Structure formats: structure tokens, C-alpha cells
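Please look through the sequence and model shown here. Some questions on the fold follow.

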Amino acid sequence: MIKSPMVLAIAAFASGCVVGGLCAIKKYDNIKGKGLFEQYQKQLFDSCLMENRENAIGLDGYFLRNNYRNVVVYGLGMYKEEFLKDVTKSTFDNIYYADKSAQTLSTSEQKVYGIEELTKQDFYDVIVVTSYNHAKEIETELRAAGIKKDIISYSDLVINAPKER
């Protein structure tokens, strides 16, 4: 039977293991704190997204400042469409799509690249990871595969858009 960290802390404390109980309480506080931080980050993202759109602040500044004309949008979930709403497509020469499930997502109308193809090709300047929840993991996976090009998350673009204008 799995018990919550607080129940384990109380049990450890009650059995005379003061150090174990204090460690379990600290662990519980860390888990709770992490959840609050993630909640804060999501609220910040949502707030910045809404504020950017209300003030007509697009995400183009980052790409223009770095002279990125060919972008790969990695992750074809719901934030792909949100990203495309927030950029001026004429800023780019090409917008390519990539995903871990490239084989099943590619169609005759839309090529979707896999990680292996991104490592072997030099047709893009930057990768935008659109996944909100897994951006760090995806960047780590792309780096581990050997990708050296710049990688930025959609959430970082949204939060920093006013500074990039």
C-alpha cells in the first residue's frame, strides 16, 4: 500500500526515528514546492501569452535578431498551432515540422521530420520545441542525438517576447 510522504513522516516520527521523520517532511515540502513552482510557471506563461496577444506582440523578434529564416517546429500537438498564430509566417523562408512520431504523422501534403533526419540535415537554423510540459526533456533528447543548432522552447519565446521587439 502506497502512503503519502506526510503519512510516512508521521509514522517515522512516531516510531522514534526523528531524523527519518524530518527528512520525510522535508521531502514532502520539496514535492509540494515543486508543484507550486510548476503551477506558477504555467500561470506566468498563460498570462504572458494573453498579454502578448492583447498588445499585438509577436514572437518574430527572436528570429529576426538572430537572422533565423528556416525554422523547425518540433512537436505537433496543440501548441504548434498556437506558435503559428504568434509569428508572421513571412518572417521565414521555410517552416518545417518535426516530431518523435514523424513516421505516422507525415503525409503526402506535409513532410514531418524525425530526430535522425534533423541530425543529418542542414536545412534549418533553429528548432522551436512547442511542447509546454516536455520542452526540457525534448531538448535533452535532441542534444543527445547530436543536434548542435539552437533550440528554444515556445514558452521561452512567449515569456521573453516583449524584450525581443
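This is a predicted model: local features need pLDDT of at least 70, side-chain atom pairs count only at pLDDT 80 or more; totals for chains, interfaces and linings use all residues.

Residues are numbered from 1 along each chain as its sequence is written, and side-chain values use heavy atoms, with hydrogens and water left out.

Q: Which strands stand at the edges of the sheet?
A: Helices (H or I, at least four residues) and strands (E, at least two) are DSSP runs, numbered from the N terminus. Two strands pair if DSSP finds at least two bridges between them. The open sheet has five strands with parallel pairing, in the order S3-S2-S1-S4-S5. Each edge strand has a single partner strand, so one side of each is left without a neighbour in the sheet; these are S3 (112-113) and S5.

Q: Which residue in S5 is the bridge partner of Val-126?
A: Strands S4 (residues 126-129) and S5 (residues 150-153) pair in the parallel sense over four bridges. The partner of Val-126 in S5 is Asp-150.

Q: Within what arc do the buried residues of H7 fall?
A: Buried means under 20% relative accessible area, exposed over 50%, partly exposed in between (1.4 Å probe, protein chains only). In H7 (residues 135-144), Ala-135, Ile-138 and Leu-142 are buried. The arc is that of the directions from the helix axis to the C-beta atoms. These buried residues line one face of the helix because, seen down the axis of H7, they fall within an arc of 65°.

Note on methods: A crossover is right-handed if, with the strands pointing away from the viewer, the path from the first strand over the helix to the second runs clockwise.
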